[in-house]
Amino acid sequence: MAEQIVIALFLGLVEGLTEFIPVSSTGHLILIGHFLGFDEAATFDVLIQLGAILAILLVYFNRLVQIAKALPVSVKARHFVLAVLFGFLPAAVIGAIAHDFIKTVLFDSPKVICISLILGGIVLLVIDRIPFKPKYTSAYEYSWPMAIKIGFFQCLAMIPGTSRSGSTIVGALLLGADKRSAAEFSFFLAMPTMAGAFALDLWKSRHDLSMDQGLLIVIGFFTAFISALFVVRALLDFVSRRGYAPFAWWRIAIGVLGLIGLYTVG
């Protein structure tokens, strides 16, 4: 059990550090779980996301309160909240319909994850080097059709290794956003998306969770919460200065190392 606790701590740290950057937290956790023999990685990953959700809620608490207070009187606030909800809708519908297929087929293929990491890294490198002329510099100004399209980009992350944040950011950039607002909209879109995924997976797994699994999830949750706080606070400034190329190279390196490990270790 002590070994499992150490693994849970490590996976929680990885979850928090990777959830909001475009490198695929799910892909990282499943690969690590595979090589460490941690069989609960898929369910564990989704359930400890609650820690990352609470971290972003804490960081954005004051802004969320301001938006909530402005809803009755501000057209801009209502527009933004509806844009986030419209962006969430595609993942809510497709995720609910395809949940079992995603968990039992896609999450069970480390090779697919490695390939997705590499391909996603290449896409991110290409996108990062295109000299876009952004039409939107504020996440609060995204149109509803744009938000829905970003929501469909987010659905690509149902393929493990693709990255939820990476998919939404690339979608936003292609649709006219600048890098900072694309990352910020990804943060806001993460709130309902991750909360919905957590609730659905908890409901689907309610009969399969044991006390030992519950303890590991709690440990992973707290570690993910603490590590995600640091990432959310620093990411927007980092992206504004450095772009997304560092994350792209990281994805490619992890994908290549993962394939090497699969073919040499198994």
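Guide: A salt bridge is a side-chain nitrogen of Lys or Arg within 4 Å of a carboxyl oxygen of Asp or Glu. The model shown is predicted.

Visitor: How many salt bridges does the count come to by this rule?
Guide: Side chains of opposite charge can pair when their charged atoms come close. Among the pairs is D128 with K179. By the rule, the count comes to three salt bridges.

Visitor: Which residue forms a salt bridge with R63?
Guide: The closest N and O atoms of the pair are 2.1 Å apart, and the partner of R63 is E184. R63 lies in helix α4 (residues 61-70) and the partner in helix α9, so the pair ties together parts that are 121 residues apart in sequence. R63 is partly exposed at 32% relative accessibility.

Visitor: Is D128 buried or partly exposed?
Guide: D128 forms a salt bridge with K179, and their closest N and O atoms are 3.0 Å apart. This pair links helix α6, which holds D128, to helix α9, which holds K179. K179 has a relative accessible area of 30% and is partly exposed. Buried means under 20% relative accessible area, and D128, at 14%, counts as buried.

Visitor: How many residues apart in sequence are the parts tied together by R180 and D237?
Guide: R180 and D237 form a salt bridge with closest N and O atoms 3.2 Å apart. R180 lies in helix α9 and D237 in helix α10 (residues 211-242), so the pair ties together parts whose separation in sequence is 57 residues.

Visitor: How far apart are the end C-alpha atoms of helix α9?
Guide: Helix α9 covers residues 179-204, and at 1.5 Å a residue its 26 residues should span 38 Å. The helix bends by about 35° at A190, with a proline, P192, following within four residues.

Visitor: Which helix gives the largest share of the nonpolar patch?
Guide: The patch, of about 580 Å², is made by I115, L119, I122, V126, I130, F132 and L174. I115, one of these, is partly exposed with a relative accessible area of 40%, and I115 lies in helix α6. The largest share, four residues, comes from residues 110-129, helix α6.

How values were computed. Residues numbered from 1 in each chain as written. Predicted model: local features only at pLDDT ≥ 70, side-chain atom pairs only at ≥ 80, totals over all residues. Heavy atoms only, no water. Helix = DSSP H or I, 4+ residues; strand = E, 2+ residues; numbered from the N terminus. Expected span 1.5 Å × (residues − 1). Bend = angle between axes of the 7 residues up to and from the residue. Patch = residues over 30% accessible without salt bridge, like charges linked within 9 Å, V, L, I, M, F, W, Y side chains within 5 Å. Areas by Shrake-Rupley, 256 points an atom, 1.4 Å probe, with all protein chains shown as cover. Buried < 20%, exposed > 50% of the residue type's maximum accessible area, 1.4 Å probe, protein only.
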